[in-house]
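Please read them beside the model.

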Amino acid sequence: ILIAAQGFDFFYFVQQWPGSFCDISSSCCYPVTGKPAPDFSIHGFWPNNNDGTYPFNCDLANAFNASKISDLNGGLTTHWPSLACPSSNGESFWQHEWLKHGTCSESILDEHAYFKAVLSLRGSIDILGALQKARIQPNNGMYSFTSINNALTNYLAHTPGIECNSAANGQNQLYQIYVCVATDATTLIDCPILPQSHCSSQLLFPSF
Ligand code: 5GP
Ligand code: 5GP
Ligand code: 5GP
């Protein structure tokens, strides 16, 4: 069944802290290429509406084709690793993200343009560097939500969404950063709506 591509208002560019994906009770598996660098990595690039709703699975007939993005493989392997089990080369994660989210912007970005745009954003946005400049390090320390939010807002010139999850021991920790991007897939914008945060006032920033 072909579902017509839907309109949307902006993208969330979502990056995850690997240490906070891996230390929850369900754990994680390193990619077949080995443990990724201790840096934020891509989770996805998600079409979204200003009211918080979002389209998904817009065109399941537009199958993911790894051969269309083979020139991007190095960048994807480095910056978009899958930490889910079992260990993989990432292709199943990219396929999942393409079908669930990428097909919802297919009228603007074909598969190659979509993945290229995501890698380009990752290349220009250094979340870890911005935090480290503010002396916020992944060292199992506790940091205030306000200090993290201020450091990233100063760096991006826009307030990001900050999502937390719970470590296996229950501690609230920094998990994902959402940066809002216009439908040109390039320009950062003020978020029309911020995602659910689940953050406490003090957050663990776990090592990885
Ligand atoms: P899904 O049901 O789509 O596989 O995953 C739903 C949510 O569970 C995802 O958004 C992700 O945050 C989380 N999740 C799935 N697998 C893992 C895992 O292996 N480790 C961790 N920490 N979270 C996972
Ligand atoms: P979770 O339930 O783990 O927060 O999210 C599961 C999945 O739902 C995400 O990985 C993503 O695919 C989708 N999702 C959750 N929240 C949003 C959102 O605010 N916008 C969009 N576009 N997708 C979302
Ligand atoms: P979402 O549907 O939430 O966009 O993406 C989460 C899905 O991708 C889940 O099925 C999860 O198991 C899978 N996945 C594979 N690798 C990863 C990873 O490194 N991080 C997250 N958050 N999900 C991953």
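1. How far does a polar side-chain atom of Asn48 lie from a nitrogen atom of ligand 2? The distance is 2.6 Å. A polar contact here is a pair of N or O atoms within 3.5 Å. Tyr54 also places a polar side-chain atom 3.3 Å from a nitrogen atom of ligand 2. Lys100 has a side-chain N or O atom 3.0 Å from an oxygen atom of the ligand. Taken alone, ligand 2 exposes 500 Å², and the protein buries 61% of that (Shrake-Rupley method, 1.4 Å probe).

2. This is a predicted model: local features need pLDDT of at least 70, side-chain atom pairs count only at pLDDT 80 or more, and totals for chains, interfaces and linings use all residues. Residues are numbered from 1 along each chain as written, chains are lettered from A and ligands numbered from 1 in written order, and side-chain values use heavy atoms, without hydrogens or water.

3. The shell around ligand 2 (residues with a heavy atom within 4 Å) is Tyr12, His43, Trp46, Pro47, Asn48, Tyr54, Lys100 and His101. Strand β2 (residues 41-48) gives the largest share, four residues. Strands are DSSP runs of E, at least two residues, numbered from the N terminus.

4. There is one cavity of 30 Å³ or more. A cavity is a set of points on a 1 Å grid over the protein atoms alone where a 1.4 Å probe fits but cannot get out; lining residues have an atom within 4 Å of a point. The largest cavity holds about 40 Å³, the volume being the space filled by probe spheres set on the points. Its lining includes Leu156, His158 and Cys191. Strand β5 (residues 172-181) supplies the largest share, three residues.

Conventions: 1 Å grid on protein atoms, 1.4 Å probe; cavity = no way out; pocket = protein on both sides within 12 Å on 5 of 7 lines; lining within 4 Å. Polar contact = N/O pair within 3.5 Å; in protein donor to acceptor, adjacent residues only side chain to side chain.
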